[in-house]
Amino acid sequence: MTKKEIIQNLQASHQDFIDLVLSLNENDFVLSVNDKWTAGQQLQHICLAVSPLAKGLRLPVFFLKLFFGKANRPSKTFDALVEKYHDKLQKGGVASGRFIPKPVRFYQRIALTEKLLRSVKQLSKNIENLSEHQLDEYILPHPLLGKLTVREMMYFTIYHVTHHKRSIIEITGKVK
């Protein structure tokens, strides 16, 4: 994906997720099946993932290089990155630490969706400020996948929200 396509997909995938969350009634929003996260917790989890990424990519590339380094390999394709993520999940990989959501009440959904929209907007702006080359040059740490190029991190971010949208659909049976 080009930088422009990444930004379009980031915005569209997160808007689709938000539209689904906002379409849920209170019962569906707080529903948990088989100890899976509720829609509210999935929303909070996405916020917990996107917000620090948006903040981190506001740093000048000099700091990205200093803190995280430069890539020593080409970026994976979107499909290869998704395959790597699925492989980690099949081997028992789960969210950990600060990425585990707390219980979320129905009244919190508006504030959380607004926060997510702001983070996605900031992330898009930050990506716009990077060159195509820089997306492949600098790396960022991912708690489950290890070191990813910025481009791979954007691929993950696009897929990740879609993954959680599917989880909400499975739990609630709702499709938006």
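**Helices, core and salt bridges in a predicted model**

Student: What is the span of helix H3, first C-alpha to last?

Tutor: Helix H3 covers residues 39–56, which is 18 residues, and reaches 26 Å from its first C-alpha to its last. That is close to the 26 Å expected at 1.5 Å a residue. Keep in mind that this is a predicted model.

Student: How many of the H3 residues are buried?

Tutor: 13 of the 18 are buried, and H3 is mostly covered.

Student: Switching to the core. Which residues touch the most other members of the largest nonpolar core?

Tutor: Phe17, Leu57, Leu116, Leu123, Ile127 and Met154, out of 42 residues in that core. At least two core residues come from each of H1 (3–23), H3, H5, H6 (109–128) and H8.

Student: Which element supplies the largest share?

Tutor: H8 does, with nine residues. As background, nonpolar side chains tend to be buried together in soluble globular proteins.

Student: What does Phe17 touch?

Tutor: Leaving out residues up to four places away in sequence, Phe17 touches Gln42, Leu43, Ile46, Leu116, Val161, His164, Lys165 and Ile168.

Student: Next, helix packing. At what angle do H1 and H6 pack?

Tutor: About 175 degrees, with the axes 10 Å apart. Angles over 145 degrees count as roughly antiparallel, so H1 is roughly antiparallel to H6.

Student: Which residues in H1 and H6 meet?

Tutor: On the H1 side they include Ile7, Leu10, His14, Phe17, Ile18 and Val21. On the H6 side they include Ile110, Thr113, Leu116, Val120, Leu123 and Ile127.

Student: Charges now. How many salt bridges are there?

Tutor: The count comes to six salt bridges. One of them joins Glu137 and Lys70, with the closest N and O atoms 2.6 Å apart.

Student: Which residue forms a salt bridge with Arg73?

Tutor: Glu152, with the closest N and O atoms 2.7 Å apart. That pair links distant parts of the chain: Glu152 is in H8 (residues 150–172), Arg73 is in the loop between H4 and H5, and they are 79 residues apart.

Student: How accessible are Glu152 and Arg73?

Tutor: Glu152 is buried, with a relative accessible area of 0%. Arg73 counts as partly exposed at 28%.

Student: What about Asp136 and Arg151?

Tutor: Their side chains meet in a salt bridge, 2.7 Å from N to O. Asp136 lies in H7 and Arg151 in H8, so the pair ties together parts 15 residues apart in sequence. Asp136 is partly exposed at 27% relative accessible area, and Arg151 is buried at 8%.

Student: Which residues are linked with them in a network of salt bridges?

Tutor: Glu132 is linked with Asp136 and Arg151 in a network of salt bridges.

Student: Last topic. Where is Leu148?

Tutor: Leu148 is in strand E2, residues 146–149. It is buried, with a relative accessible area of 0%.

Student: What is Leu148 in contact with?

Tutor: Beyond its neighbours within four places in sequence, its contacts are Arg73, Leu81, Lys84, Tyr138, Ile139, Leu140, His142 and Met153.

Note on methods. Residues are numbered from 1 along each chain as its sequence is written. This is a predicted model: local features need pLDDT of at least 70, side-chain atom pairs count only at pLDDT 80 or more; totals for chains, interfaces and linings use all residues. Side-chain values use heavy atoms; hydrogens and water are left out. A salt bridge is a side-chain nitrogen of Lys or Arg within 4 Å of a carboxyl oxygen of Asp or Glu. Helices (H or I, at least four residues) and strands (E, at least two) are DSSP runs, numbered from the N terminus. Buried means under 20% relative accessible area, exposed over 50%, partly exposed in between (1.4 Å probe, protein chains only). The expected span of a helix is 1.5 Å times one less than its number of residues. A nonpolar core is a set of buried Ala, Val, Leu, Ile, Met, Phe, Trp, Tyr and Cys residues joined through side-chain atoms within 4.5 Å. Contact means heavy atoms within 4.5 Å. Axes are lines fitted to C-alpha atoms, for helices over the stretch in contact, and angles run from 0 to 180 degrees between N-to-C directions. Angles under 35 degrees count as roughly parallel, over 145 as roughly antiparallel, 65 to 115 as roughly perpendicular and the rest as oblique.
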